[in-house]
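Hi everyone, thanks for making the time today. I'd like to walk you through one model, going from the overall fold down to a few individual residues. Let me put it on the screen.

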Amino acid sequence: MPLYKTITVNPYTKVYIWKITESEKELSLNIELTNNCQLRVNSMKSELHRRGFLSIRHLMGLAGYVDSDLFYDLAGKPHLKDGNHISITHSYQFTGIIVSQIDEVGIDIEKQRDKIIRIGHKFTTTEAYANIKNAKEIVKKLTIIWGAKESLYKIYATHGLSFINHIYIDDFINIDNTTKGIIRYDGCISEYDISFLEFEEFTCVYAIKKEG
């Protein structure tokens with residue numbers, strides 16, 4: 001079972017990351033899907049997407065859940081029937097979930113790709129990376145910023161929320177692997193603690209909403 005990594009964020013919150021190496025048939029073993037989810041899997045044209053979907057159900061199992069424990073609201077945000085919080089991500093051969101008994105959480109895994117340099121200005125100000133000369137380091141930083149904003153977006157789950165106009169990420173240095181985020185939208189302000197890690201040219205970012 002290729003559970004790639006687990007992270008205990010705090011006593012109530014845990015991250016699970018899976019590296020997909022099994023076949024679709026192997027991943028289907030001991031996984032019971034609801035009728036709706038089985039139809040969803042059947043409609044996926046990409047085998048990697050189907051394998052990713054199934055691997056997420058294995059991660060849920062590690063967290064003590066089955067497929068029927070999960071449902072989505074009208075905004076597409078996943079929820080657990082017991083009231084705990086969950087967020088889900090899939091990028092190529094990696095999938096991940098974050099589960100918390102108390103806090104609203106978001107997670108995102110992204111492959112580090114050069115093309116993010118071309119679109120960086122669409123989701124953050126150029127000041128965020130203007131002083132970096134090495135292209136690879138720019139890719140890494142922009143991927144963290146994108147992942148952070150995606151994680152916050154998953155928590156907030158509101159149509160109309162703009163990455164560049166409403167979601168703000170504090171500057172950071174990689175050795176800390178943490179930063180802060182703020183969403184300012186429709187007269188409301190919410191704050192978030194953000195952590196990130198890198199592995200095999202991928203970046204994982206997860207966020208926790210701060211209460212108060």
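So, the secondary structure first: the chain has six helices and eleven strands, where helices (H or I, at least four residues) and strands (E, at least two) are DSSP runs numbered from the N terminus. The radius of gyration is 17 Å, close to the 17 Å from the globule rule for 212 residues, so the chain is as compact as a globular protein of that length.

A word on the ground rules. This is a predicted model, in which local features need pLDDT of at least 70 and side-chain atom pairs count only at pLDDT 80 or more, while totals for chains, interfaces and linings use all residues. Residues are numbered from 1 along each chain as its sequence is written, and side-chain values use heavy atoms, with hydrogens and water left out.

Back to the overall picture. Along the principal axes, the C-alpha atoms fill a box of roughly 50 × 40 × 30 Å. Of the 212 residues, 47% count as buried; buried means under 20% relative accessible area, exposed over 50%, and partly exposed in between, with a 1.4 Å probe and protein chains only. Among contacts with a separation of 6 or more, 52% join residues 24 or more positions apart, a contact being heavy atoms within 4.5 Å.

Now, which loop holds glutamate 200? Glutamate 200 sits between strand 10 (188-199) and strand 11 (202-209), and glutamate 201 is in the loop between strand 10 and strand 11 too. Most residues other than glycine have a negative phi. Here, though, phi is positive: near 50° for glutamate 200 and about 65° for glutamate 201. Glutamate 200 counts as partly exposed, at 40% relative accessibility.

On to the cysteines. How many disulfides are there? The count is zero, taking a disulfide as a pair of cysteine sulfur atoms within 2.5 Å. Cysteine 188 is partly exposed, with a relative accessible area of 44%, whereas cysteine 204 is buried at 0%.

Last stop: aspartate 82, in the loop between strand 4 (78-80) and strand 5 (85-91). Aspartate 82 is partly exposed at 45%, and its C-alpha atom is 9.4 Å from that of leucine 70, twelve residues away along the chain.

That's my tour, and I'm happy to chat.

How values were computed
Rg over C-alpha atoms; globule rule 2.2 N^0.38 Å.
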